[in-house]
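Good morning, and thank you for joining. I shall present one structure today, taking a single residue as the starting point. Please look at the display before we proceed.

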Amino acid sequence: MTERPGGQSAPAYGDPLTAPFWEAAARRELIVQRCQTCGHYQFYPRPYCLACQSDTVAWVTTSGRGAVHSMTTVHMDIAPEFTPPYLVAIVELDEGPRLITNIVDGPCRIGDRVRVAWKDRDGMPPLPVFRPEGADG
Amino acid sequence: MNPSKTPVYVVGVAETPLGEVRDQTELSMVALAAREALAEAGMTLKDVDGIFVNYMGEEGSVQVGEYLGIQPRYGDSSDLGGAAFEAFVHHAMLAIAAGRCDVALVAFASRQRTRRLRRRTLAGQEMSLTEQFQAPYGLPIPIGNYALAAARHMYQYGTTSAQLAEIAVAARLWAQMNPKAWVREPLTVQDVLASRLLCDPLHRLDCCLITDGGGAVILTNAARARDAAKKPIRVLGAGESHTHWHMAHMPDLTVSPGAVSGREAFTMAGIEPADVDVFEPYDAFTITVLLALEDLGFCKKGEGGAFVETGALRPGGSLPSLTSGGGLSYNHPGALGILLLVEAVRQLRWEAGDRQVPDARVAVAHGNGGFFSVGATVVLARD
């Protein structure tokens, strides 16, 4: 493990393919892969394009904006690090890829516009979460 | 393959001990069920030359084979979640038709209840994509995934919690006629809606039971089916598919892989959904059933809520479903698919007692695995 700028050890999960994602997260940038041949955006990363099968994929910074595709309010106690109730959502980025995330600073509904925020974690890169557009902060 | 030229039959079915099982192990439970199912087939373990198991032993069929004293010609421990067993019927059908095995044992047992094996998260798998991109967000496993699908279905089609609750009520009405059902108390839509909200919009009573249990199913060719002590039930068609592992990658949150597995199975069988007398859908959650009804074509996409509201699934309904009481009220040992096959066969043999669907000739068992990840469908018929 090497110390990287921002004080984070990398790769954060010992995963060489996702290392750039977590390095960008340390800079609070949400990046995904874009195919240099067909323009398809994809997340999580692969060494090739899922759409056209080319191997010309490159990391690009997203707008960090998207919409809530689905959402659930969790009322169960599943682990000490999660205090119910909290929101887990699938957010669809404007670039296309969907990701599982938390909605912070709700309330929020399916279809609402959201924007990436970053949740700090001990010893780990910040985690991308989302907050409703227009929410304070 | 053409199933009319190389017919394959289910010739034995059995449940393992159900509920809370403290005097058996998973392997001994499988042995009990296998021997009981083989007795129906007029066979013994010595006849089995194909083993199809999931979530069993170390190296799946390898340890099960050793335990049962079988050195098979065909072994399959494909991990297709709770849908594995309908997929195993598909695989066994092809293997038997191709002559690669003659007598297939499909089996499963779990003591998830007494051993308290349920996990609520997928955390702890170092380096995995799940660990990186899903576990940190606290999505409860598996219910959170199903809640995301249910919420989207409601948003897109106006499906209501009361419509989902009707599925649990229908299951309970059937369970009340099944002496082996784990819960048999009366249940109303209001009861479901008043039960604790776990992951919005799913309540506690939208969720299946957590019990011990399992079962065994024996398949064979037409020649060997003549030895059966009970009426052989024909496998008319089967199909399977899977679409995703992470919920963010489900291509459409309102369409399960049952859309493909159902079409494959119905096409092979040469029947339509309207020909089905009994439907045994995997009911891990009420929403699991709703998507299955739509995806297999029993109603149009988005109309599952209105369809169940007619009472279609209930005893006497237009599509008797969940006739054992299902995972919601009868038994759910973590992988329900095996028990859907057992109940479908018993309905087609006309031996389901008080809950017998009159004159049942065609039944469909539809398995679901993972998080709407896997669909596997089997069409069974009384000749």
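Is G369(B) buried or exposed? Before I answer, some conventions: this is a predicted model, in which local features need pLDDT of at least 70 and side-chain atom pairs count only at pLDDT 80 or more, while totals for chains, interfaces and linings use all residues. Residues are numbered from 1 along each chain as its sequence is written, and chains are lettered from A and ligands numbered from 1 in the order in which they are written.

To the answer, then. G369(B) is buried, with 27 other C-beta atoms within 10 Å. The term buried requires 20 or more other C-beta atoms within 10 Å of the residue's own, with exposed meaning 12 or fewer, partly exposed lying in between, and C-beta atoms being placed from the backbone. G369(B) belongs to strand β10 (residues 362–369) of chain B. Helices (H or I, at least four residues) and strands (E, at least two) are DSSP runs, numbered from the N terminus. Beyond its neighbours within four places in sequence, G369(B) is in contact with L80(B), G81(B), G82(B), A83(B), A84(B) and V374(B). Contact here means that the C-beta atoms of two residues, placed from the backbone, lie within 7 Å.

Helix α3 (residues 84–97) and helix α13 (residues 337–348) of chain B have axes that come within 6 Å and cross at roughly 65 degrees. Axes are lines fitted to C-alpha atoms, for helices over the stretch in contact, and angles run from 0 to 180 degrees between N-to-C directions. On the α3(B) side the contact involves A84(B), F85(B), E86(B) and V89(B), and on the α13(B) side G337(B), I338(B) and L341(B).

Let me turn to chain A. This chain has one helix and ten strands, and of its 137 residues 36% count as buried. Strand β8 (residues 98–103) of chain A is largely enclosed by the rest of the structure, because six of its six residues are buried. On one side lie R98(A), I100(A) and N102(A), on the other L99(A), T101(A) and I103(A), and all are buried. Strand β7 (residues 86–93) of chain A pairs with β8(A) in the antiparallel sense over six bridges; pairing requires that DSSP find at least two bridges between the strands. Within this pairing, V91(A) has L99(A) as its bridge partner. The two strands form a hairpin with four residues between them, and G96(A) in the turn has a positive phi of about 125 degrees.

Chain A also contains an open sheet of three strands, in the order β4-β3-β5, with antiparallel pairing. Its edge strands are β4 (41–42) and β5 (57–61), each pairing on one side only. Strand β3 (residues 31–35) of chain A is joined to β5(A) by five bridges, and I31(A) has T61(A) as its bridge partner.

Finally, the interface. Here 28 residues of chain B are in contact with 26 residues of chain A. On the chain B side, α4 (129–133), α5 (143–157) and β5 (197–199) each give two or more residues, and α5(B) gives the most, with six.

As to confidence, the model scores ipTM 0.93 and pTM 0.95. Thank you; I welcome your questions.
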